[in-house]
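Hi,

Here is the structure I promised to hand over.

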Amino acid sequence: MLGVVRQKMLGQSLPKIRPVVSVLRSYSSAAKQMTVRDALNSALDEEMSADPKVFLMGEEVGEYQGAYKISKGLLDKYGPERVRDTPITEAGFAGIGVGAAYYGLKPVVEFMTFNFSMQAIDHIINSAAKSNYMSAGQMSVPIVFRGPNGAAAGVGAQHSQCYAAWYASCPGLKVLTPYSSEDARGLLKAAIRDPDPVVFLENELLYGESFPVSDEVLDSSFCLPIGKAKIERVGRDVTITAFSKMVGHALKAAEILEKDGIDAEVINLRSIRPLDRSTINASVRKTNRLITVEEGFPQHGVGAEICASVVEESFAYLDAPVERIAGADIPMPYAANLERMAVPQVEDIVRAAKRACYRSVPLAAAA
Amino acid sequence: MALSYLRSSSSRSANLLKPLSSSLPLRRHISTDTTPITVETSVPFTSHQCDAPSRSVETNPKELLTFFRDMALMRRMEIAADSLYKAKLIRGFCHLYDGQEAVAVGMEAAITKKDCIITSYRDHCTFIGRGGTLLEVFAELMGRQGGCSKGKGGSMHFYKKDSNFYGGHGIVGAQVPLGCGLAFAQKYSKDETVTFALYGDGAANQGQLFEALNISALWDLPAILVCENNHYGMGTAEWRAAKSPAYYKRGDYVPGLKVDGMDALAVKQACKFAKEHALKNGPIILEMDTYRYHGHSMSDPGSTYRTRDEITGVRQERDPIERIRKLILSHDLATEKELKDIEKEVRKEVDDTITQAKESPMPDPSELFTNVYAKGLGVESFGADRKELRASLP
């Protein structure tokens with residue numbers, strides 16, 4: 001009901017609002033813009049400058065300036081002792097990184113994509129994540145494993161998997177998923193400073209995207225807390241959780257939903273482990289409806305965990321079943337049209353939000 | 001280890017005084033006597049891509065006695081662990097090292113506590129060599145608070161970071177890249193120390209070992225890979241697992257040395273040589289030809305894939321403790337009775353420690369949730385029934 005009234009009011013006032021909005025937009029473009037790539041590069045640079053124990057290791061991180069240019073300029077600045085090009089041997093160099101962390105150094109180990117981390121996963125889980133517990137606190141492992149995660153564009157099944165759910169299920173690891181440049185800077189700095197093993201899941205398609213950054217974000221002491229989600233857009237009608245690239249999709253979906261009178265709250269998770277259950281639950285208790293969005297496979301995914309958490313903590317507040325939007329339950333196809341169907345699109349999020357608000361047509365019967 | 005012996009033998013100082021007219025030269029007591037003695041190793045070293053060190057090893061009565069006592073202690077400890085396991089006081093996996101003691105003691109004699117050691121799950125004696133106590137061993141095996149990992153690790157996860165002992169690893173071969181990482185960090189920190197990464201003949205075929213060796217050779221890391229070749233990877237004899245069981249040669253471009261791992265002095269010489277090499281020239285492989293009397297673990301009788309004759313043969317011909325005993329007796333450094341007394345003391349020490357370890361309580365239930373992270377951020381963790389048991393991680 002309120003939505004209908006809101007819609008009419010919007011319709012009347014929109015012509016007046018638009019110029020104001022464009023003025024606001026020009027104000028925001030006056031603030032500094034920074035690509036995610038530059039954000040990661042500057043974070044690495046600052047942390048390496050601040051702590052001589054921090055070093056970078058991975059394929060092509062040095063002379064090639066980084067496969068995706070994330071480590072551009074770092075070899076020149078810090079030298080080959082601290083920026084190490086490795087052979088294509090993930091099990092070997094991930095293990096060496098963990099061993100260096102045992103001794104007290106602070107390695108940043110890059111996987112060219114997280115698909116290749118599967119070659120090293122024993123070291124991430126058994127050598128890194130569990131060591132502090134098995135040794136009753138003697139062996140802490142201050143290591144960061146970072147690199148692009150999830151789907152890129154047209155790279156096929158073996159190069160497109162999202163590993164958030166796999167790593168986030170393991171106690172002893174921290175798993176971070178930046179979206180914006182602010183996220184990239186603040187979370188990478190936090191990860192490098194953290195004494196525990198951190199899996200830092202970037203996204204190749206976000207590297208070139210620009211976001212506004214404040215002076216606070218640009219300061220070398222800037223750091224974001226691990227385990228806290230960010231409410232990117234406050235809303236009243238439905239909660240949409242997302243991480244990494246999907247945050248952008250969720251925000252676009254929210255703009256579309258607004259025209260239909262649905263005011264969506266978009267939560268940028270930032271941290272998959274620890275998961276900010278209290279922010280998610282507080283939001284659902286306000287909106288009573290939840291859509292979880294992720295790029296990865298649906299079964300046993302991040303959305304499944306969020307849904308379970310909300311059902312356990314806030315069951316009485318749910319006015320509709322929780323909706324999951326996830327990557328298709330198939331290996332990633334190559335053909336462009338099939339690939340588009342395999343990854344969540346903005347319209348998928350919009351449709352699910354409308355379903356949760358009982359605004360859509362009845363679902364088609366299953367085949 | 002030698003220190004505790006000194007304490008218990010202070011009453012023997014009277015023996016130091018001998019009449020000047022005696023035909024025997026005035027000699028200091030064996031436990032403090034550092035008069036150099038030169039001993040030949042049982043067999044010469046075989047080398048790959050390097051010049052082997054000399055067969056003549058310098059030692060002294062004090063060191064030989066330390067070897068004897070330490071190995072006797074380790075032997076007794078492992079046999080006692082066998083009994084505890086059969087009495088169901090030790091659970092899960094228990095991999096015993098008896099027969100291989102010379103590798104642990106010989107290595108320690110050549111290095112310092114600033115050098116790093118990392119090994120597999122057969123880690124009880126290596127932990128003792130690094131300065132761990134018997135109490136920490138037995139308490140950990142029985143899952144008690146007094147254990148080196150406060151009961152949370154178990155047999156395969158002993159650590160002693162203050163003596164640069166980095167475990168204790170259950171995944172076969174994983175410790176080798178980790179050890180190369182320790183060596184990387186030592187070089188990065190300019191510490192002028194080395195890392196010994198120990199692995200078995202079973203692990204010698206692991207791909208990650210060659211990945212780590214390649215990087216270590218490229219980056220000149222002070223990493224010493226030590227293959228404790230006891231000739232059986234669980235139930236599989238070396239000739240069934242490795243096309244080339246010449247493990248000291250498997251490094252290809254990396255030099256290697258084959259060592260009689262039952263001869264503590266040969267082990268000491270090889271480790272001394274390896275340390276000097278690694279600090280100057282990068283990685284080197286040591287193959288210790290050794291033997292385990294027990295099966296792979298307590299669930300393996302150890303007799304289905306090898307003959308009892310083979311086991312008793314090694315015990316008679318090559319036992320590391322007997323070797324040192326013969327050496328001490330032939331050089332007239334102590335009497336048979338003195339050595340037997342040491343063995344009795346050691347047995348008593350082990351028995352007393354087990355009694356003490358049994359008194360150690362099991363961990364407090366709150367320890368379920370400690371040490372998951374070094375910095376827990378107050379995050380919530382859950383028990384099996386999350387509505388019943390949850391905790392805030394410190």
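A salt bridge here is a side-chain nitrogen of Lys or Arg within 4 Å of a carboxyl oxygen of Asp or Glu. B:Arg386 makes one with A:Glu312, with 3.1 Å between the closest N and O atoms. The rule finds 3 salt bridges across the interface of chain A and chain B.

Before the rest, some housekeeping. This is a predicted model, where local features need pLDDT of at least 70 and side-chain atom pairs count only at pLDDT 80 or more, while totals for chains, interfaces and linings use all residues. Residues are numbered from 1 along each chain as its sequence is written, chains are lettered from A and ligands numbered from 1 in the order in which they are written, and side-chain values use heavy atoms, with hydrogens and water left out.

Now the interface as a whole. In contact (heavy atoms within 4.5 Å) are 51 residues of chain A and 49 residues of chain B. Together the two chains bury about 4100 Å², 62% of it on carbon and sulfur atoms; buried area is the accessible area (1.4 Å probe) that two parts lose on being put together, summed over both. On the chain A side, A:Ile96, A:Tyr103 and A:Tyr133 lose the most area to chain B, together 19% of what that side buries.

There are also 23 residue pairs in polar contact across the interface, both at pLDDT 80 or more. That term means a pair of N or O atoms within 3.5 Å; within protein, one must be able to donate a hydrogen and the other to accept it, and residues adjacent in sequence count only if both atoms are side-chain atoms.

Best wishes
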